[in-house]
Amino acid sequence: MSYALAAFAALALSACTVQPLYGPIGTDAPLAAELQAVAVDPIPDRIGHYVRNELIFALNGTGSEVPPRYRLMVALKERVQTPILDTVTGRATSATVIVDAEYKLINIADEQIITKGVAFGVASYDRFSNRLANVRAARDGEIRDAKVISDMIRTRVSTALAK
């Protein structure tokens, strides 16, 4: 009985296609070289600037100029919620910056969509009576969201290009 169980386990595991994400891919090119060939389209607004810069650094942190083979298009939607209100003053004591990023990775050669999806970031911050402190805290929340979103997109693009 134990031999049959061991044979079944070996057979089940032999069909597994787990492979390292950053090893050579199907063309024997390292994944880093494929990620460097991703051109990130401009994204409007301040949060778009943050996300685009984070994506460029995440995909091609070397700063080398590689001819683009892929194009990454990102559309952002940002909203702020104030979930906690002070009952005495009626002012918000905290806020949450929520950013949704809809992205598409397109092969430039044949205009085929390789992968698409939605990534999101949620960052909370405290609000104070000082207006400038609130503005800076909101921007810090946007920057934290941009980093989370770029990490999500990079991971998903890496997975799609590694196939």
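This is a predicted model: local features need pLDDT of at least 70, side-chain atom pairs count only at pLDDT 80 or more; totals for chains, interfaces and linings use all residues.
Residues are numbered from 1 along each chain as its sequence is written, and side-chain values use heavy atoms, with hydrogens and water left out.

**Entry 1: the helix pair**

I recorded that two packed helices are described by the angle between their axes and the distance between the axes. Helix α3 covers residues 45–59 and helix α4 residues 131–162; their axes lie 8 Å apart at an angle of about 40°. The axes are lines fitted to C-alpha atoms, for helices over the stretch in contact, and angles run from 0 to 180 degrees between N-to-C directions. The two helices are therefore oblique to each other; angles under 35 degrees count as roughly parallel, over 145 as roughly antiparallel, 65 to 115 as roughly perpendicular, and the rest as oblique.

I then listed the residues in contact (heavy atoms within 4.5 Å). From α3 they include Ile 47, Tyr 50 and Leu 55, and from α4 they include Ile 143, Ala 146 and Ile 153. By class, the contact has 10 nonpolar, one polar and six charged residues. Here Ala, Val, Leu, Ile, Met, Phe, Trp, Tyr, Cys and Pro count as nonpolar, Asp, Glu, Lys and Arg as charged, and the others, Gly among them, as polar.

**Entry 2: the whole chain**

I found four helices and four strands in the protein chain, in the order α-α-β-α-β-β-β-α from the N terminus. These elements are DSSP runs numbered from the N terminus: helices are H or I with at least four residues, strands E with at least two. Of the 163 residues, 33% count as buried. Buried means under 20% relative accessible area, exposed over 50%, and partly exposed in between, with a 1.4 Å probe and protein chains only.

Which residues does Asp 145 contact beyond its neighbours within four places in sequence? I found Val 97, Ile 98, Val 99, Gly 121, Val 122 and Ala 123. Asp 145 is in helix α4 and is buried, at 1% relative accessible area. Its C-alpha atom is 7.9 Å from that of Val 97, which is 48 residues apart along the chain.

Asn 134 is also in helix α4 and is buried, at 12%. Leaving out residues up to four places away, Asn 134 touches Tyr 125, Asp 126, Arg 127 and Phe 128.

Lys 77 is in strand β2, residues 70–81, and counts as exposed at 57% relative accessibility. Apart from residues up to four places away, Lys 77 touches Ile 98, Val 99 and Asp 100.

**Entry 3: positive phi**

I noted that most residues other than glycine have a negative phi. Asp 45 has a positive phi of about 75°; this residue is in helix α3 and is exposed, at 64%. Glu 111 has a positive phi near 60°. Glu 111 is in the loop between β3 (94–107) and β4 (113–126) and is partly exposed, at 48%.
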